[in-house]
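User: I have this model open and would like a close look at a single part of it. Please set that part against the rest of the fold, and say where the model should be read with care.

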Amino acid sequence: MKKIFTLITVAFLGLSLTACKDYLDINYDPNAPSADVVNNDMILPAAEMALSAKYGDIMRIYGAYLAEHYAQYFGTSNYDDFGKFILSATRSNNPYGTIMTGCIGNATVIRDKAAAAEEWGTYLAATVLRVFAFQSMADAYGEIPYSEAMDASILNPKYDEGADIYAGLVAELDDALGKASAGDVVATNFLYAGQTAAPWIKFANALKLKLLMRESGAVNVSSQIASLVAEGNFPDGDVAWTGIWANESGKANPFWQEEFSTSFGSTQINCGLNVALFRAMSDYDDARLPAFFTKNGNGQYWGSISGFNMSTSNNYKAAVFCRPNMAYNSPVYLITKAEVEFFLSEYYQTAGNAAQAKAHYEAAIEASFASAGVEGADAAIKAWPYDGTKKCIGVQKWIALSGTNNFEAWCEMRRLGYPAFGGKTANDLYANDNLNPEVLTPGDLYTPYDVTPEVGANQLLQRWPYPLSSSNYNANAPENKKPTEKVFWAK
């Protein structure tokens with residue numbers, strides 16, 4: 001795979017920093033100043049870009065294949081294994097180092113420096129980035145070093161259980177929210193133009209809602225969720241890095257540069273529309289489909305099969321399939337307004353308030369269409385009406401996240417159980433060189449072609465293997481669990 005950024009890999013040994021105007025040129029400099037002589041205006045952009053480089057690219061790709069949003073494009077094979085629900089320890093290693101060191105390591109330095117100076121706005125921003133990054137790693141791997149991870153004196157940090165990590169992350173957010181006020185100054189960053197804590201407080205609340213809702217099936221956090229919902233101080237729109245990308249090597253949207261740019265001399269095409277998502281969206285002419293994917297060479301939309309790149313087909317060539325609709329300046333989403341509304345709908349559904357659950361469900365769909373920049377939410381609400389079940393929330397959240405945050409879609413599918421497998425296989429959908437998407441019920445998943453036996457039929461891959469960069473060098477790394485063993489919040 002092409003390398004997007006030559007990113008910093010720092011914990012406490014050193015930092016690679018740039019001037020603000022060159023925020024995407026994050027290259028390692030052996031002569032870079034150490035953490036004790038730089039300020040947070042210099043470090044915070046590096047932490048942000050380390051997170052965006054992996055969360056906005058390879059984690060998006062992994063999530064999209066595992067969620068059956070993407071399938072391998074005709075004739076190429078770079079991500080064919082993902083479509084078969086195979087994720088090796090080598091592949092799994094890709095995001096870990098950059099996020100753990102470049103984002104979490106930097107964020108920890110920022111937090112410590114901000115606490116010493118009582119700069120509580122910056123302290124909150126660094127905490128939010130740190131918590132977001134730790135949660136993404138825990139959601140992917142199940143167990144990771146957390147409590148001892150950033151202690152430079154511990155060479156073999158223990159792997160903490162997911163439930164303990166979540167408890168710690170919620171406590172971190174509560175601590176930072178308790179210290180920061182809306183008017184507190186925040187160090188230079190690229191997420192928000194204004195340098196105050198007000199939008200970061202709303203982001204922190206949305207992140208806390210995600211943490212609490214995700215663990216709510218395993219841990220009794222009902223009173224915490226109720227308090228947060230009653231406060232209602234959530235973001236007014238999507239939380240995303242937008243308006244900062246340039247059409248230059250190393251400065252573009254990371255997924256676009258990985259998959260669409262030729263700046264590294266590669267023209268390989270990998271990601272295409274999956275037939276499962278195509279079937280769900282085309283069934284009622286979902287207006288988000290052209291916002292999320294481009295038309296094929298025939299001016300139509302068509303999806304391909306998980307685990308099979310169609311290279312032996314005579315009827316289906318490259319021009320038949322659709323690609324994600326991406327540009328160099330496409331946003332990198334962290335939490336969308338639609339996600340928050342879906343969580344609120346689920347909360348009210350669980351509380352037995354059908355009217356509020358329905359209102360937030362519909363608001364979530366409307367927010368998704370607004371993010372996509374298209375009209376047609378009413379048609380989607382009519383086609384997929386709120387029916388009081390988790391299924392309608394799960395399926396619509398899966399669709400909404402297909403164009404914004406595929407990794408989160410995979411997480412929510414594991415937690416909610418929807419979309420579910422309808423019993424169909426790739427062989428049912430493709431036989432005798434004919435694609436038959438109509439045999440798949442809209443909103444259902446299917447078993448991929450040549451799915452790995454370690455996962456098997458009618459099941460999702462539930463976790464990633466521990467990353468080699470940690471497990472090979474950490475004496476406390478546990479044995480890998482089966483890929484079908486659920487993380488704590490999905491059990």
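Predicted model: local features only at pLDDT ≥ 70, side-chain atom pairs only at ≥ 80, totals over all residues.

Analyst: Residues are numbered from 1 along each chain as its sequence is written, and side-chain values use heavy atoms, with hydrogens and water left out.

The relative accessible area of Asn274 is 0%, so the residue counts as buried. Buried means under 20% relative accessible area, exposed over 50%, and partly exposed in between, with a 1.4 Å probe and protein chains only. Contact here means heavy atoms within 4.5 Å. With neighbours within four places in sequence set aside, Asn274 is in contact with Glu68, His69, Tyr70 and Ala71, and also with Gly303, Ser304, Ser306 and Tyr446. With Tyr446 there is also a polar contact of 2.8 Å, side chain to side chain. A polar contact is a pair of N or O atoms within 3.5 Å; within protein, one must be able to donate a hydrogen and the other to accept it, and residues adjacent in sequence count only if both atoms are side-chain atoms.

Another asparagine gives a comparison. Asn93 lies in helix 3 (residues 89-117) and is partly exposed, because its relative accessible area is 23%. Beyond its neighbours within four places in sequence, Asn93 is in contact with Pro467, Leu468 and Ser469. The side chains of Asn93 and Ser469 make a polar contact at 2.7 Å. C-alpha to C-alpha, these two residues are 6.4 Å apart in space, although 376 residues separate them in sequence.

Lys158 is partly exposed, at 39% relative accessible area. Not counting residues up to four places away in sequence, Lys158 touches Asn476 as well as Ile144, Pro145, Tyr146, Ser147 and Glu148. Pro145 is 13 residues from Lys158 in sequence, with 5.5 Å between their C-alpha atoms.

The backbone has some features to check in loops. Most residues other than glycine have a negative phi, and most peptide bonds are trans. The bond joining Tyr418 and Pro419 is cis, with omega about -5°, and Pro419 is in the loop between helix 15 (406-416) and strand 7 (421-425). Phi is positive at Asp433, near 60°, and at Asn458, near 55°. Asp433 sits in the loop between strand 8 (430-431) and strand 9 (434-435) and is buried, with a relative accessible area of 15%. Asn458 belongs to the loop between strand 10 (445-447) and helix 17 (468-471) and is partly exposed at 37%.

As for the whole, the protein has 17 helices and 10 strands. Its radius of gyration is 22 Å, close to the 23 Å that the globule rule gives for 491 residues, so the protein is as compact as a globular protein of that length. That radius is taken over C-alpha atoms, and the rule is 2.2 Å times the number of residues to the power 0.38. Buried residues account for 59% of the 491. In soluble globular proteins, nonpolar side chains tend to be buried together. The largest nonpolar core has 156 residues, and Leu51 is among the members that touch the most others; such a core is a set of buried Ala, Val, Leu, Ile, Met, Phe, Trp, Tyr and Cys residues joined through side-chain atoms within 4.5 Å.

Finally, confidence. The mean pLDDT is 91, and 92% of residues reach 70 or more; pLDDT is the predictor's confidence in each residue, from 0 to 100. Over residues 1-23 the pLDDT stays under 50, and the model has 80 contacts beyond four places in sequence for them. Residues 25-33 are also below 50, with 20 contacts beyond near neighbours in sequence.

How values were computed: Helix = DSSP H or I, 4+ residues; strand = E, 2+ residues; numbered from the N terminus.
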